[in-house]
Every structure is written in C-alpha cells, then in structure tokens.
Amino acid sequence: MLRPRIPVNPLPTGIVTPLVQPTAPAADIEPAACYHGHAPVPVPSTPRVQVPAVRLTPTGLVTLVAGGAGLVLIVGTVLVSLLLAVAVTGASVAMVAVVLRLLVRDMQKGR
C-alpha cells in the first residue's frame with residue numbers, strides 16, 4: 001500500500017541519474033574487448049619497502065621529548081589545580097555545615 005519512492009537526482013547537464021545502485025557484484029562484469037594493442041601493465045616483482053615519512057634528527061628528537069615533557073607538566077598542573085579546587089570547595093562546604101549545625105542546635109536550646 002505505502003511504498004517509498006526513490007527520488008531522482010537531476011544533473012545540470014539534463015541527465016537524470018537514479019539513486020539506486022546496481023546490486024550485481026563487480027567481479028561478474030568483464031571488461032569489453034578492444035582490438036588495438038595494449039602494453040601489459042607492469043607488475044612489480046618485489047614488494048616496495050615503506051620508508052617512514054618522518055625522519056627525526058637528534059635535534060628534532062630532543063625537541064619532541066622536551067615538548068612531550070612540557071605537555072605532561074602542563075596537563076598535570078591543570079589536573080592538580082582542579083583536584084585542589086574540589087578539595088578546597090569540599091572543606092569549605094563541610095565547615096559551613098558544621099557552623100549551621102551549631103547554629104540550629106543553639107536555636108533549639110533557646111539560647
């Protein structure tokens with residue numbers, strides 16, 4: 001009864017391409033034969049060794065280590081500061097609770 005309709009995508013060239021892709025596997029499709037000479041595609045016989053893209057000189061390595069150490073120190077300082085802020089806030093809330101408890105007890109005794 002209710003079937004979704006797949007819209008088509010009109011291109012500026014006037015060619016209308018549907019959004020549905022063919023479901024046939026690409027391995028079953030054979031390339032069309034042509035009748036002129038092609039050079040065979042060269043196949044590498046030995047695998048190529050991947051060369052690292054980044055080469056570190058001793059100066060670059062020292063800079064990298066110093067930067068990493070600086071980053072660790074900065075992040076550690078921020079985390080310790082946050083922990084200290086939480087501890088100070090907790091201690092002040094606890095002190096306020098003690099003072100309020102004493103005030104309420106004094107009010108109940110009628111002093």
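Trainee: In which helix is the place of V75?

Mentor: Helices are DSSP runs of H or I with at least four residues, strands are E runs of at least two, and both are numbered from the N terminus; in this predicted model, V75 lies in helix α1.

Trainee: Why does V75 count as partly exposed?

Mentor: Relative accessible area under 20% is buried, over 50% exposed, and in between partly exposed (1.4 Å probe, protein chains only), so V75, at 43% relative accessibility, counts as partly exposed. Of the 111 residues of the protein, 0% count as buried.

Trainee: Which elements does the protein have, and in what pattern?

Mentor: The protein has one helix and two strands, following β-β-α along the sequence.

Trainee: Where is confidence lowest and where highest?

Mentor: The predictor's confidence in each residue is pLDDT, from 0 to 100; its mean is lowest in strand β1 (residues 8-10), at 62, and highest in α1, at 95. Where pLDDT is low, the predicted coordinates should not be read in detail.

Mentor: Residues are numbered from 1 along each chain as its sequence is written, and side-chain values use heavy atoms, leaving out hydrogens and water. In this predicted model, local features need pLDDT of at least 70 and side-chain atom pairs count only at pLDDT 80 or more, while totals for chains, interfaces and linings use all residues.
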